[in-house]
Amino acid sequence: MALVSTNTWNRIRYTIYQPIYDLLLEGYFYKFRKRSIESLDIEPGASVLIIGAGTGLDLEFLSPDHHIHAIDITPAMVRKLQVRAQKLGLNVSAQTGDGQNLIFNDEEFDIVIMHLILAVIPDAKACIKEAERVLKTGGSFTIMDKFIQKEKESGLFRRLINPLSNIIATNLNRDVDEILAYTGLKKSIHLKLSSIFWLIQGTK
Ligand SMILES: C[S@@+](CC[C@H](N)C(=O)[O-])C[C@H]1O[C@@H](n2cnc3c(N)ncnc32)[C@H](O)[C@@H]1O
């Protein structure tokens, strides 16, 4: 189906999911987000970019001292994020944008956060290349998502349900090392958070 794995499809489905997104995803991922962001020890004054920021569930782990930018392809998600930012008293510059083609300058950010985006975005390699481009040399990135385990082939069950999962939720068969290999980013942490979720962090 030509529409699946496109920005248009993502915009359509996340516009539909937006009213129930937090209900479905807030609780389960709370600990993973906390660990991912707090372990970065982000300095006051740091510039932070969240790619595919959704409704802004990462924001509560950031502080008013941070210069936060958030982009997402779905306007309805961005609007929800803006409301959350206001409630949290955070100054967030949030806009609709494509993570595969960022509007930011080279080396603009100290931190890039990619939570639950690399398995959803049509072209994960384009996205990680863009993350690398906008990250300052010495800056840090954090990724939290579902990836296949390198040492294991994607199982038959996973391969069978992937076409359906890709339509409604996410690609189950992406390999984060293959994605990172398109960049010069240096991985320092590759940690299992649950049976399918991983935390990957490193620097440029
Ligand atoms: C599973 S949600 C994750 C949202 C958020 N990062 C989180 O952790 O809750 C995936 C998000 O990616 C966004 N998205 C999909 N394709 C995108 C693209 N090309 N550029 C930017 N955002 C995109 C969707 O609109 C959706 O909000």
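Mentor: Let's begin with Glu 38, which is partly exposed at a relative accessible area of 43%. Keep in mind that this is a predicted model.

Trainee: Happy to start there. Which side chain meets Glu 38 in a salt bridge?

Mentor: To call a salt bridge, look for a side-chain nitrogen of Lys or Arg within 4 Å of a carboxyl oxygen of Asp or Glu. Here the partner is Lys 34, with N and O 3.1 Å apart.

Trainee: Why are Lys 34 and Glu 38 separated by about one helical turn?

Mentor: Because they are 4 residues apart in helix H1, which spans residues 7–38. Lys 34 is also partly exposed, with a relative accessible area of 32%.

Trainee: How many salt bridges does the structure hold?

Mentor: There are 11. One more is worth a look: Arg 133 pairs with Glu 130, with their closest N and O atoms 2.8 Å apart. Both lie in helix H3, 3 residues apart, or about one turn of the helix. Arg 133 is partly exposed at 23% relative accessible area, and Glu 130 is buried at 11%. Salt bridges with shared partners then tie Asp 106, Glu 130 and Arg 133 into one network.

Trainee: Let me stay with H3. Which of its residues are buried?

Mentor: Ala 124, Cys 127, Ile 128, Glu 130, Ala 131, Glu 132 and Val 134. The elements covering these buried residues include S1, S4, S5 and H5.

Trainee: How should I read a nonpolar core?

Mentor: The general idea is that nonpolar side chains in soluble globular proteins tend to be buried together. In this structure the largest nonpolar core has 26 residues, and the members touching the most others are Ile 51, Val 112, Met 114 and Ile 143. At least two residues each come from strand S1 (47–51), strand S4 (109–115), helix H3 (124–134), strand S5 (135–146), helix H5 (176–180) and strand S7 (197–203). H3 gives the most, with 5 residues.

Trainee: What does Ile 143 touch?

Mentor: Leaving aside residues up to four places away in sequence, Ile 143 touches Met 114, His 115, Leu 118, Ile 128, Val 176, Leu 180, Trp 198, Leu 199 and Ile 200. There is also a second, separate core of 20 residues, with Ile 42, Ala 46, Phe 61 and Leu 90 among them.

Trainee: Now for the ligand. How many residues surround the ligand, and which are the closest?

Mentor: 21 residues surround the ligand, and Tyr 21, Gly 52, Asp 72, Thr 74 and His 115 are the closest. A ligand oxygen is 2.7 Å from an N or O atom in the side chain of Arg 33. Asp 72 brings a polar side-chain atom to 2.6 Å from a ligand oxygen. With His 115, a polar backbone atom is 2.7 Å from a ligand nitrogen.

Trainee: Asp 72 is charged. Is Asp 72 buried or exposed?

Mentor: Asp 72 is buried, yet has no salt bridge; Arg 11, the nearest side chain of opposite charge, is 7.8 Å away. Asp 72 is found in strand S2 (residues 67–72), and its side chain reaches the backbone nitrogen of Ala 53 at 3.3 Å. Beyond four places in sequence, Asp 72 touches residues including Gly 52, Gly 54, Met 77, Gln 95 and Thr 96.

Trainee: To finish, how many helices and strands are in the protein chain?

Mentor: The protein chain has 5 helices and 7 strands, following the pattern α-β-β-α-β-β-α-β-α-α-β-β along the sequence. Of its 204 residues, 54% are buried. Among contacts with a separation of 6 or more, 71% are between residues 24 or more positions apart.

Technical notes. Residues numbered from 1 in each chain as written. Predicted model: local features only at pLDDT ≥ 70, side-chain atom pairs only at ≥ 80, totals over all residues. Heavy atoms only, no water. Buried < 20%, exposed > 50% of the residue type's maximum accessible area, 1.4 Å probe, protein only. Lys, Arg positive; Asp, Glu negative; His and termini not counted. Polar contact = N/O pair within 3.5 Å; in protein donor to acceptor, adjacent residues only side chain to side chain. Contact = heavy atoms within 4.5 Å. Core = buried A, V, L, I, M, F, W, Y, C linked by side-chain atoms within 4.5 Å. Near = heavy atom within 4 Å.
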